[in-house]
Amino acid sequence: MELDIYDFLINCYSSESFFDDIGNNRNYMCKEEFYIKEYKNKKIYNINDWDLDIEYSLYKDGILADILKEIMIQYLGYHSVERVFKTITTSELHIYETFYNYLLNDFTIFQMPKMIFDHKKGEYIKYNSNEFFLPDSELRLRDEIQSIKRLVPIEKRIKYYR
């Protein structure tokens, strides 16, 4: 993963358009805006209160974590498996083969567009996959998963794991 991150950063900085390449020109609230929005109904006498600084820091860390998660998924090809909400976020094109067992266990798959570095242009571009061009094996796996989920109770689906 460390080498993947280095390659990603080198690619972004080599094109001299770092924020355009990662597509994350996000805005976040400054300290004062955050306090006004979050605490407008509460009486706050000191905007530099230590507890409020911690909450603002957590707010900024949450935004940074979301951006890093998107980079890891879209640009580096990693997956985010969240057991609490039974969701997987990925940029994988072949989800039925890759997440077969998860899909049998009623996970929801969210696909993000895959970003690929174009060495000729020197920038990241969206890899557009057309769902009409799914391989036949993916279509068969999708139908198989739907059939198993429809006919087999969840506690007995372990027999069908791959």
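Here is a quick tour of the fold, the cores and the aromatic pairs in this predicted model.

Local features need pLDDT of at least 70 and side-chain atom pairs count only at pLDDT 80 or more, while totals for chains, interfaces and linings use all residues. Residues are numbered from 1 along each chain as its sequence is written, and side-chain values use heavy atoms, with hydrogens and water left out.

The protein chain has seven helices and five strands, where helices are DSSP runs (H or I) of at least four residues and strands are runs (E) of at least two, numbered from the N terminus. Of its 162 residues, 30% are buried (under 20% relative accessible area with a 1.4 Å probe, protein chains only; exposed is over 50%, partly exposed in between).

Now the cores, meaning sets of buried Ala, Val, Leu, Ile, Met, Phe, Trp, Tyr and Cys residues joined through side-chain atoms within 4.5 Å. The largest nonpolar core has 13 residues, and Y96, Y100, I109 and I145 touch the most other members. Helices α5 (95-98), α6 (100-104) and α7 (136-151) each give two or more residues to this core. A second, separate core of 11 residues includes I67, M72, F117 and Y124.

As for rings, the whole structure holds seven aromatic pairs. Rings of Phe, Tyr and Trp (its six-membered ring) pair if their centres lie within 6.5 Å; planes under 30 degrees apart are stacked, over 60 edge-to-face, the rest tilted. Two of the pairs:

| Pair | Centre distance | Plane angle | Type |
|---|---|---|---|
| F8 and Y124 | 5.6 Å | 50° | tilted |
| Y102 and F107 | 5.1 Å | 80° | edge-to-face |

F8 in helix α1 and Y124 in strand β5 sit 116 residues apart. F8 is buried at 3% relative accessible area, and Y124 is buried at 10%.
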